[in-house]
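Here are a few notes to go with your first look at this one. Have the viewer open while you read.

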Amino acid sequence: MYVAVKGGERAIENAHAWLAEERRGDPSVPELSLAQIREQMALAVNRVMAEGSLYDPDLAALAIKQARGDLIEAIFLIRAYRTTLPRFGASLPVETANMRCDRRISATFKDAPGGQVLGPTFDYTHRLLDFKLAAEGEVPAAAKAAAPQSGPVPHITDFLNRDGLIQAEDRHDDTPPDLTREPLEFPANRALRLQSLTRGDEGFVLGMAYSTQRGYARNHAFVGELRIGRVPVEMEIPELGFSIEIGEVELTECETVNQFAGSKTEPAQFTRGYGLVFGQTERKAISMALVDRALRWRELGEDNLGAPAQDEEFVLSHADNIQATGFLEHIKLPHYVDFQSELELVRRLRAEAEAAQQEAAE
Amino acid sequence: MDRKEWMGLLARAPADALDRLWRKLDLSPRYSWLRPPEVGGVMVRGRMGGTGAAFNLGEMTVTRCALALDGGAVGHGYVQGRDKRQAEQAAMVDALMQGDLAAHVRAALLEPLAAQVQAARDMRAAKAAATKVEFFTLVRGDD
């Protein structure tokens with residue numbers, strides 16, 4: 001139990017002033033601007049937007065600067081800011097089939113219609129430190145094709161879907177539950193699970209996904225498609241009486257194609273796992289898809305193998321790094337009253353034991 | 001370009017690009033606020049499997065406002081992000097597009113803005129196209 005304490009105002013004030021100084025670092029080194037963070041630390045910005053659950057690259061850059069690069073602290077700042085915003089409404093579901101893809105690959109079909117587009121990827125780099133980056137210099141311009149990547153490209157799973165080889169998704173626009181409005185309750189439906197996973201901690205979701213690959217509820221995932229790009233966000237505007245685009249967001253989408261031997265009621269067909277995350281965040285999106293698939297065991301009539309990744313209460317209750325941080329870090333705050341009573345208890349027990357021993361010896 | 005399209009363009013366009021074109025237009029119509037600019041959040045939804053039922057993905061920041069020109073035309077601004085001036089300029093353009101200056105605003109602001117946005121998109125698409133690959137599966141040298 002945390003009990004309020006008084007005092008220490010001056011020490012706290014001084015600690016915060018020192019924090020500000022340390023955040024700035026050596027003043028002879030130029031200060032970072034928010035635009036520099038936004039443009040040059042873009043993947044950190046993306047992670048903060050995804051887990052902060054708020055798409056705004058400038059705010060994420062500010063949070064990263066304020067948090068001295070501690071991304072969980074930055075996510076905390078974004079979550080706190082988010083709660084101050086009035087909610088104007090919800091968008092229409094974004095149509096990722098209309099994404100203008102920077103990247104789009106399939107591990108299952110080499111001749112994917114629409115082509116395989118690598119985009120700005122770390123894949124196939126040698127992961128050797130590039131000391132040229134330590135020196136300032138011009139970057140060679142990226143190559144441009146004469147004909148731009150044209151128009152929307154169809155989802156790969158559409159092709160499997162046409163032949164009934166993959167389980168179909170039930171399309172509807174019913175209002176999904178929102179865990180930022182109603183506390184999470186179990187069992188959670190898939191909409192809640194996906195919302196929880198997309199804002200969940202990247203490391204945690206990655207670890208859960210990895211556990212399924214290592215055999216804890218293995219689900220034989222292939223990356224059917226991974227795409228990164230921008231999609232327009234459209235919303236109904238009541239005062240206009242029609243919907244307009246209110247902006248566009250960069251998203252990473254991963255669709256896994258998983259083995260499914262069939263059940264008593266279903267013929268053998270492929271099943272799906274789904275990941276959709278703000279920004280260029282492909283490790284997270286792939287992880288999300290694997291965990292989504294593992295959590296679907298019940299609706300697919302699979303056995304519960306008792307694996308952690310199949311346990312939605314375990315996964316969803318521990319995926320949120322802000323809840324986890326809050327509870328974990330509060331134990332460093334003053335617990336003097338609690339501790340005092342524990343201390344007294346231990347002293348009393350020891351005294352009683354000693355007395356008993358003495359009695360026995362006499 | 002209909003109203004739905006220009007409102008979408010004004011929402012997505014970079015604020016500084018809109019600001020430059022607005023200043024060049026050099027109009028300062030008198031107006032009153034129906035709703036002064038306010039920053040808020042919109043919950044962005046996705047679809048399970050890209051095609052299925054909706055779920056909540058996360059919020060985005062949006063700034064909105066509404067104003068009435070002295071002539072009576074009402075303009076709405078909905079723009080991505082937290083830039084109140086961009087929302088104001090978007091609402092002003094929306095209102096002007098309903099009056100006598102529509103053709104001028106369209107030619108001097110909306111069309112060049114649309115061209116800038118399109119050019120930026122084409123640039124990315126050309127870079128993406130340059131990274132298109134053909135993977136070959138190698139035939140193993142069995143006898």
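1. A word on conventions: residues count from 1 along each chain as its sequence is written, and chains are lettered from A, with ligands numbered from 1, in the order in which they are written. This is a predicted model, where local features need pLDDT of at least 70, side-chain atom pairs count only at pLDDT 80 or more, and totals for chains, interfaces and linings use all residues.

2. Chain A splits into domain 1 (9-82), domain 2 (96-119 + 150-319) and domain 3 (330-361); such bounds come from an automatic or database domain assignment. Taken over C-alpha atoms, the centres of domain 1 and domain 3 of chain A are 43 Å apart.

3. Which residues touch the most other members of the largest nonpolar core? They are Val48(A), Ala60(A), Val291(A) and Leu10(B), out of 97 residues. (A nonpolar core is a set of buried Ala, Val, Leu, Ile, Met, Phe, Trp, Tyr and Cys residues joined through C-beta atoms within 7 Å; buried means 20 or more other C-beta atoms within 10 Å of a residue's own, exposed means 12 or fewer, partly exposed is in between, and C-beta atoms are placed from the backbone.) Helix α9 (residues 282-295) of chain A gives the most to this core, eight residues.

4. Now chain B: helix α2 (residues 15-25) has Leu18(B), Leu21(B) and Trp22(B) buried. (Helices are DSSP runs of H or I, at least four residues, and strands are runs of E, at least two, numbered from the N terminus.) On the face turned away from the buried side of α2(B) sit the exposed Asp16(B), Arg23(B) and Lys24(B). After α2(B) comes Asp26(B), with a positive phi near 55°.
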